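Hi,

Here is the structure I promised to pass on. Please open it first, then read my notes below.

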Amino acid sequence: MNRHYSHADNLVHQFDTVLRTLVPHAAVASRPSPATADVRDEDMTADERRHAAGLMRVNHTGEVCAQALYQGQGCTAKLPEVRSQMEHSAQEEIDHLAWCDDRLQELDSHTSVLNPLFYAASFGLGAVAGAIGDRISLGFVAATEEQVGKHLEEHMVKLPAGDRRSRAVLRQMAIDEAHHAQLALEAGGARFPAPVKFGMSLMSKVMTKSVYRI
């Protein structure tokens, strides 16, 4: 029997999602981390570890933004099947969030203090996109995931050679993000023109530069 959730139930669920996204170490992955016990780092200098932590902090904040985007879109999506897809993708983003958080702890570093700001901005963008229509909302997901995928590929190259564990995490994240983008397009998402994607790329660079250190 399918349970019908009340408005109060949904509010509690939304609040729980916000906490699991923004409170450090609160996210719990549903899948094991790709950085298994068999994946071991080589020796890294202190500077290399700081650099790796900066990149993983950027990736963690990217997942905070993705979670907020899906949550905002889920609140305003018109079709039930679209909301269901958003929820499924959001769960995989929680996995990414937890994996990045774990890796930051291993590198003796921390998540960004700017996460609440980026969460609020992404939630608003997602809600607006969902309110405009499911086709635009899904297209926004596809375009966002394409941008995230490019960042992940760049970071895999930029990571220190000895940081095998972070690279294992980013490799699986890239696979998942590509899958999310494909699902969004197959569900009827609009293909955004190049100028729109360029604008999104500029916004992501602002996030990258600010979060790398703080």
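Helix α5 (residues 134-158) supplies four residues to the lining of the second largest cavity, the largest share. Keep in mind that this is a predicted model.

That cavity holds about 40 Å³ of space. Its lining is made up of Gly139, Ala142, Ala143, Glu146, Leu185, Ala190, Arg191, Phe192 and Lys197. By class, five of these are nonpolar, one is polar and three are charged.

Now pick out Phe192 from that lining. Phe192 sits in the loop between α6 (164-186) and α7 (194-211). Is Phe192 buried or exposed? Its relative accessibility is 15%, so Phe192 counts as buried. The cut-off for buried is under 20%.

Which residues does Phe192 touch, leaving out those up to four places away in sequence? They are Ile136, Gly139, Phe140, Ala143, Lys197 and Met200. Look at Ala143 in particular. Ala143 and Phe192 are 49 residues apart along the chain, yet their C-alpha atoms are separated by 6.8 Å.

Next, the other cavity. The count comes to two cavities of 30 Å³ or more. Two elements each give two or more residues to its lining: α1 (7-22) and α3 (80-106). Of these, α1 gives the most, with three residues. The lining has 13 residues, and Thr21, Val23, Pro24, His60 and Asp101 lie nearest the centre. Six lining residues are nonpolar, five are polar and two are charged.

Best wishes

How values were computed:
Residues are numbered from 1 along each chain as its sequence is written. This is a predicted model: local features need pLDDT of at least 70, side-chain atom pairs count only at pLDDT 80 or more; totals for chains, interfaces and linings use all residues. Side-chain values use heavy atoms; hydrogens and water are left out. Buried means under 20% relative accessible area, exposed over 50%, partly exposed in between (1.4 Å probe, protein chains only). Contact means heavy atoms within 4.5 Å. On a 1 Å grid over the protein atoms alone, a cavity is a set of points where a 1.4 Å probe fits but cannot get out, and a pocket is an open set with protein on both sides within 12 Å along at least five of seven lines; lining residues have an atom within 4 Å of a point. Grid points are joined across faces, edges and corners, and a volume is the space filled by probe spheres set on the points. Ala, Val, Leu, Ile, Met, Phe, Trp, Tyr, Cys and Pro count as nonpolar, Asp, Glu, Lys and Arg as charged, and the others, Gly among them, as polar.
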